[in-house]
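This report describes a model of two protein chains.

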Amino acid sequence: MSEETKKLDLSGDGGVLKEILKEGTGNETPNSGCKVSLHYTGRLVDGTEFDSSVGRNEPFEFELGKGRVIKAFDMGVATMKLGERCFLTCAPNYAYGAAGSPPSIPPDSTLIFELEMLGWKGEDLSPNQDGSIERTILEPSDKKRTPSDGAFVKAHISGSFDGRVFEERDVEFDYGEGSAIGIVEGLELALEKMNIGETSKIKIHSKYAFGAKGNEAFKIPPNSTIEYTVKLIDCGKGLEEWKLSDSERVAEAKVYKEKGTNYFKKDNFELAIKMYNKCKNLLPSIKDNTSDEVKALKVATHSNIALCHQKSNDHFEAKQECNAVLELDANNVKALYRRGQCNLIINELEDALEDFQKVIQLEPGNKAAANHIVICKQKIKQNKDKEKKLYANMFTKLAAGDKETEPPRETDVLDKCGEWSEEDAKREADLTLERDNIIMI
Amino acid sequence: MKMDTVTEAENLLRLIKRMLLERDYDGVKMLFQSPTVFAEIEPHMAAIAMELYNEICAPTLTDDTNVDDAPLFDCVNELLKIVARYASLHPFMLELMEKIEESSSIAIFSAYLRALQVVLLRQGSAKPQAIEWCLSSVVTRIRELPLPDYLSEGYDEQQAHLLEQEQQIEQLMAHYITIDLCYEPLLKAVLQQDARAPIFRDCGLNRRNVLTCFLLQLLGKPLALLEVSNVPKRLLQPGQAHTCTPSPWRLRPELTQQNYLLARANAGKTQTYVQQVQHTLTSDITRLLGDPYYLLGLVEQRARWKRRLDAANGVYEMSSHNMFLIDDKLPLPALAMYYHALLVGQLLPATAPKIYAPLFLFESSLYLVAVLLEQPEPPLQHCGLRLNDYMLSILTEAVPQRSLDLEVHKRYCEALCKITGYSPQEPLRQLGLQVLHHYILAFEDAAKYFILKNLLETLQHDGILGYLAGMYKDLVAAALEKKAPLSDVYSGIKFRSMLLRCVCVLPQDVKSDLLLHSVSLSNALNILRYFAMADLENRTGFWHALPEIEERLLQPLGKALNFSLAHYKAYRERVRNGQSASDDELMQKQLNMLAVNISNSGMGGEGEGDGNLPDIGREEKLEVLAGSITGLESLRVLYLLASDNLEQSIARRKQATATNTTTPTAMELELEQR
C-alpha cells in the first residue's frame with residue numbers, strides 16, 4: 001500500500017488529508033459545539049514549526065465546529081477519537097488562504113499539523129456553569145440568529161428519559177413564555193443559544209427540568225436528569241426597544257399587558273407577572289411622558305402585578321406594587337383595598353385599618369372594606385388584650401422579684417408538676433413577644 | 001515554662017518599644033538581622049505580632065511620621081514586614097485590606113503592600129477568596145486616587161506628551177509600579193506551584209484565576225485613560241475625498257498601528273511609565289493565561305447573552321463557576337484594554353496560537369470594541385477604534401452577510417456613528433469615519449448594501465448620511481468599471497430602492513430646511529451627476545428611476561431653493577433696514593445650530609449649556625445671513641449643474657438610441673417588465 005493511500009481525504013477535494021499515527025480508543029468522536037482539548041504542532045511543508053501547544057506546555061481548548069479555528073482544524077478534529085494521534089495536511093484554502101498570516105505563515109501555505117486528542121465534553125449552557133445544562137450539537141448551522149427575549153420560536157422537540165421518549169412535538173411560542181406550553185426551563189435556556197437550523201442534544205439536570213417533583217404524566221421520577229433533542233426551525237427577532245417611539249412603546253406594552261391578563265386567567269401567575277413586568281418596563285417614564293394613557297397603563301399594570309402576587313401569597317411584593325400604584329394615584333381604591341389586605345395578612349394592622357378607612361372615605365358604600373375594618377379592629381383589640389396579659393405577667397414577675405426577701409419554701413419537686421412556674425410564664429411571655437416580632441418583621 | 005514564654009514575649013515587646021522610643025533603630029534592625037539574636041526571639045514573634053502591629057506599626061505608619069521622622073517610619077515599615085510573617089493570617093489580612101483602602105499616600109500604601117505581599121505568599125493556594133479580597137482592596141485604592149478631569153474629558157497631543165508630568169498622574173503611576181513589585185513573587189509562585197488541570201482549564205476560583213482577574217482589572221480605568229499615544233495621526237485631511245479602493249492597511253496589520261509603533265519607537269530610549277506598566281501587566285496576564293486568546297472566546301457569552309439572575313436556582317451575580325464570566329471580577333472594558341495592548345500594542349507573544357480563524361477573532365473582538373466605544377471617555381473610545389481597525393486588518397476574506405445576524409454589529413454601528421458624528425474630539429471623529437469606512441468595506445457586497453441602507457435609513461447626522469451615500473456611489477462606480485454583470489445590490493430594484501429611499505431624499509418636501517440637509521443634498525446631487533454621465537448604458541437602472549427622482553427630489557428642491565433664497569435675501573434686507581425683530585427667533589435657532597457646530601469641532605464647547613446665545617448685533621446677523629445665502633447658492637449651483645448634466649445625458653442617450661438600434665439590456669427589460 002502506498003503512503004498516499006493511508007491518508008483520508010476529509011474535505012472530499014484533497015484539501016484536508018488525515019494520516020493516523022496512533023489509533024484512538026472507542027468509536028466516539030466529538031460533536032460540534034463540544035469543548036475539545038488537544039495538543040497540536042503546526043509546521044510548514046519545509047518542516048518549520050510555526051505554532052505548537054506542546055511548546056506552550058498546555059493543551060489547546062476550543063469549541064468544535066463553531067468557526068473558531070481554521071477550517072481544516074475543525075474538520076480534522078471532528079474525526080478524532082480519544083487518544084488518537086494524527087497528521088493533518090491542510091491546503092491553503094482550508095487554512096490561511098492566499099494571504100497567509102505573515103510573518104510566520106507565508107501566503108498560499110500548505111500546513112501540516114500533528115494532533116493528539118486529549119478529551120472533549122459537551123458545552124455547558126447553564127447560567128452557573130455547573131454542568132446542569134449541557135449541549136451537544138448534532139447538526140450545526142452556519143446561520144447566526146438565535147432567539148432573543150420575546151422573539152417568536154418554532155422548534156421540534158423530543159424529550160427522553162432513560163432511553164425512553166416521553167414527549168415529541170412541534171412547538172411555537174414567544175421566547176420567555178415557554179413554560180406556558182410545558183417547555184422546561186433548561187430547554188428554553190438552551191434554545192436561546194441555538195442558531196436557526198441547528199439540531200442539538202440537550203442534557204438537563206433536574207433543577208432545570210422537572211425538579212424534585214418529577215412529572216407523573218411523563219413518568220419521570222423526582223430529581224431526574226432528562227435529555228432533549230431539539231431542532232430550532234425558525235425564530236424571529238426580539239423587540240428592539242431602542243428603536244421604538246413612545247407611541248410604539250405604549251402599543252407594545254399593551255400587547256404584553258394583554259398577554260399577562262391571559263396568563264392570569266389561566267392561573268399562571270408567574271408568567272403573568274413576567275408579562276406585566278415587561279409591559280411596565282416598556283412604558284415610557286412618567287418624567288418623559290405625562291400622558292394620561294401611559295399613567296393609566298402604569299397604574300393598571302402595577303395593580304395587576306399586585307393581584308398576581310396576592311394570588312401567589314407573596315404579600316410583601318404585592319404591597320410594594322400597591323405602593324407603586326398609590327405613588328401614581330394616591331386615591332386608587334383598588335390599590336388601597338389590596339394594600340389593606342396585604343397589611344392585614346402580614347399583621348400590619350394599623351396600616352391595614354388606615355387603608356380600609358381611606359377606601360371607605362373614597363367609596364362610602366364599599367361593604368368589603370367596611371367588613372375588613374371590623375376585622376382589623378377586632379384583631380387590633382385581640383392584640384391589645386394579648387399585650388395587656390403579657391405586661392401583667394411581666395409585672396407579676398417584677399413583683400415576685402421584690403418579694404425575694406421572703407425565706408424560700410421547702411419544695412417538693414412533684415408539687416410543681418404540670419404547673420407553670422413564674423419563670424415558665426416569663427419565658428412564655430418572651431417567646432410570645434418574639435413570635436409577634438417575627439410576624440411583624 | 002509556659003509562663004516563662006509569655007514573660008519573654010512580653011519582654012521582647014517592651015524591648016522593641018523601648019528601642020524605638022530611644023530611637024535605636026539600628027538596634028531594632030539587629031534584633032531581626034542577626035541570625036543568633038533572631039533565633040532566640042523568633043519563637044516569641046507569633047505571640048507578639050498582632051500587638052506589635054496594633055501598638056507600634058498601625059499608630060506609627062502615618063504621613064506625619066513619614067514627614068517628621070523618616071528613620072522611624074522606615075524602621076517600622078521594616079518591622080511591619082516582619083510582623084506579616086508571624087501575625088495571625090486572616091485577622092492581619094483584614095487589617096491590611098482596611099489600611100490599603102484608606103492609605104493616604106504612596107508611602108503608606110507601599111508599606112502595607114509590602115506586608116500584603118508576605119501575607120499573600122503565606123496564604124498559599126488555599127482559600128483563594130481571601131487572596132481575592134486582599135487584591136480587590138488594592139484595586140479599590142487605585143480607583144479612588146484623584147485624577148485630573150481632562151483624562152475623562154479627552155486631551156490633545158500636547159497634553160498627552162505632558163501627562164506624566166502631572167502630579168496626580170505621577171502618584172497614580174507610583175502606585176501602579178509599587179503594585180507591580182508587590183505581585184511579582186506571587187506570580188512566580190503561581191506559575192511554579194499551581195499545576196494546570198491536565199485536560200481542561202479550571203476556570204473556577206483559584207489563585208491563578210484570581211491573580212489573572214486582578215491584573216486585568218488593573219488594565220482598566222484609570223490606567224486605560226492614560227493611553228499616551230492615543231492621539232491619532234490625521235489620515236484623512238480636510239476636504240480629502242474618500243475612495244473605495246481596498247484599504248492599503250488591509251492585510252498588513254503592522255501598518256494599522258504605524259502611529260502607535262512610531263510612538264513606541266520614539267519612546268524606545270525612555271519608555272513612559274504608562275507603557276512600562278502596561279507592558280508588564282499585559283505580559284504577566286499572558287503568562288498566567290497561556291493562550292492569550294482564551295478569554296476572547298468567552299466574550300460573546302458575556303456580552304451577547306445576559307445572565308438572568310434566578311434566586312430559585314441559585315443564580316446570583318457571583319455564583320458562576322467560571323470566574324471569567326462574572327462582570328465584577330472581569331470587567332469587559334478592562335478585558336478590551338488587554339486585547340488592545342496585546343494586539344494594537346504588539347505585545348502578543350510569539351508563542352500565541354495561530355490557528356484561530358480571523359473571522360472569529362474579528363467577531364469576538366467586536367463585542368469588546370462596542371464596549372469601548374460606548375464608554376464616555378474619549379481615550380477609551382480611541383482605543384476601541386484602534387482595536388477595531390486592527391481586527392479589520394487581519395481579515396483574510398470578506399465578512400459574510402450572516403455575520404450581521406449578530407446583534408453586536410448594530411450596537412457597534414450605533415456607538416461608532418455617535419462618535420463619528422458627535423464626539424467633541426475632532427481626531428476621534430476623523431478616525432471614526434475612517435474605521436466606519438474600513439468596516440463597511442470588510443463585508444461581502446450584499447452585506448455592504450445592507451449596512452449602508454440601514455445606516456442611511458436610521459441615522460440623523462447629515463454629514464455621515466452624505467458620506468455613506470457617497471460610499472455607495474463609489475461602490476457602484478467600482479463595479480461599473482468592471483465589465484462583469486453588476487451585482488443585484490448595485491443595480492435593478494435594490495439600486496433603485498437605495499437611491500429613492502435613502503439617497504435622493506428631501507425629508508420635508510418643499511418645506512425642508514435646506515441648510516440643515518445641505519451635505520446630504522449636495523452628495524445626492526453629485527451622485528445624480530455621476531450616474532447621469534457614467535451610466536449611459538443604464539446598467540444600474542438609473543434612468544428608470546430618474547422620473548421618480550425628479551418628482552421626489554429635483555422638482556421640490558428647485559422650488560425649495562427659490563423659496564429659501566428669497567426668504568433669506570428678504571430677511572437680510574429687513575436686517576439692513578432695522579426691521580427684523582419678528583425674524584430673530586429664526587436667527588436664534590440658526591445661531592444655536594452654529595453653537596452646536598462649534599462645540600462639535602472641538603473649538604471650545606462653551607456654546608453648549610442653555611442652548612441660547614446672547615443677543616447679537618446687526619453686523620453679526622448679516623454675517624450669519626450671508627453664510628446661509630452662500631450655502632444655498634452653492635447648492636443651487638450644484639442643482640443647476642446636475643440638471644444640466646442630466647439633460648445632456650438624456651440627449652446623448654436619445655442620440656445613441658436613434659443611431660444605434662441595439663437591443664435593450666437585460667436590466668432594462670427586467671425593469672420594464674416589472
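How many residues does the contact take from chain B, and how many from chain A? The contact (heavy atoms within 4.5 Å) takes 46 residues from chain B and 47 from chain A. The model is predicted: local features need pLDDT of at least 70 and side-chain atom pairs count only at pLDDT 80 or more, whereas totals for chains, interfaces and linings use all residues. Residues are numbered from 1 along each chain as its sequence is written, chains are lettered from A and ligands numbered from 1 in the order in which they are written, and side-chain values use heavy atoms, with hydrogens and water left out. The scores of the model are ipTM 0.81 and pTM 0.81.

**Interface of chain B and chain A**

The size of an interface is often given as the accessible area lost when the parts come together. Here the buried area (accessible area, 1.4 Å probe, that two parts lose on being put together, summed over both) is about 4000 Å², and carbon and sulfur atoms give 50% of it. On the side of chain B, Phe200(B), Lys354(B) and Ile355(B) lose the most area to chain A, together 20% of what that side buries.

Five salt bridges (a side-chain nitrogen of Lys or Arg within 4 Å of a carboxyl oxygen of Asp or Glu) are counted between the two chains. One of them joins Arg402(B) to Asp142(A), with the closest N and O atoms 4.0 Å apart. Polar contacts are pairs of N or O atoms within 3.5 Å; within protein, one must be able to donate a hydrogen and the other to accept it, and residues adjacent in sequence count only if both atoms are side-chain atoms. Across the interface, 23 residue pairs are in polar contact, both residues being at pLDDT 80 or more.

Helices (H or I, at least four residues) and strands (E, at least two) are DSSP runs, numbered from the N terminus. Helix 16 (296–304), helix 18 (358–373) and helix 20 (407–422) of chain B each supply at least two residues of the side that touches chain A. Helix 16 of chain B gives the most, with four residues.

**Confidence**

The mean pLDDT (the predictor's confidence in each residue, from 0 to 100) is 85 for chain A, where 87% of the residues reach 70 or more. For chain B the mean pLDDT is 84, and 85% of the residues reach 70 or more.

| Stretch | pLDDT | Contacts in the model |
|---|---|---|
| Residues 410–421 of chain A | below 50 | three contacts |
| Residues 431–441 of chain A | below 50 | ten contacts |
| Residues 595–614 of chain B | below 50 | 23 contacts |
| Residues 666–674 of chain B | below 50 | 15 contacts |

**A sheet in chain A**

Chain A holds an open sheet of six strands in the order 8-9-12-13-10-11, with antiparallel pairing (two strands pair if DSSP finds at least two bridges between them). Its edges are strand 8 (123–124) and strand 11 (164–174), each of which pairs on one side only.

Strand 13 (residues 226–235) of chain A pairs with strand 12 (residues 199–204) of chain A in the antiparallel sense over six bridges. In strand 13 of chain A, Lys231(A) is opposite Thr199(A), and Tyr228(A) is the bridge partner of Ile202(A). Strand 13 of chain A also pairs with strand 10 (residues 152–161) of chain A, in the antiparallel sense over eight bridges. There, Asp234(A) of strand 13 stands opposite Lys154(A).
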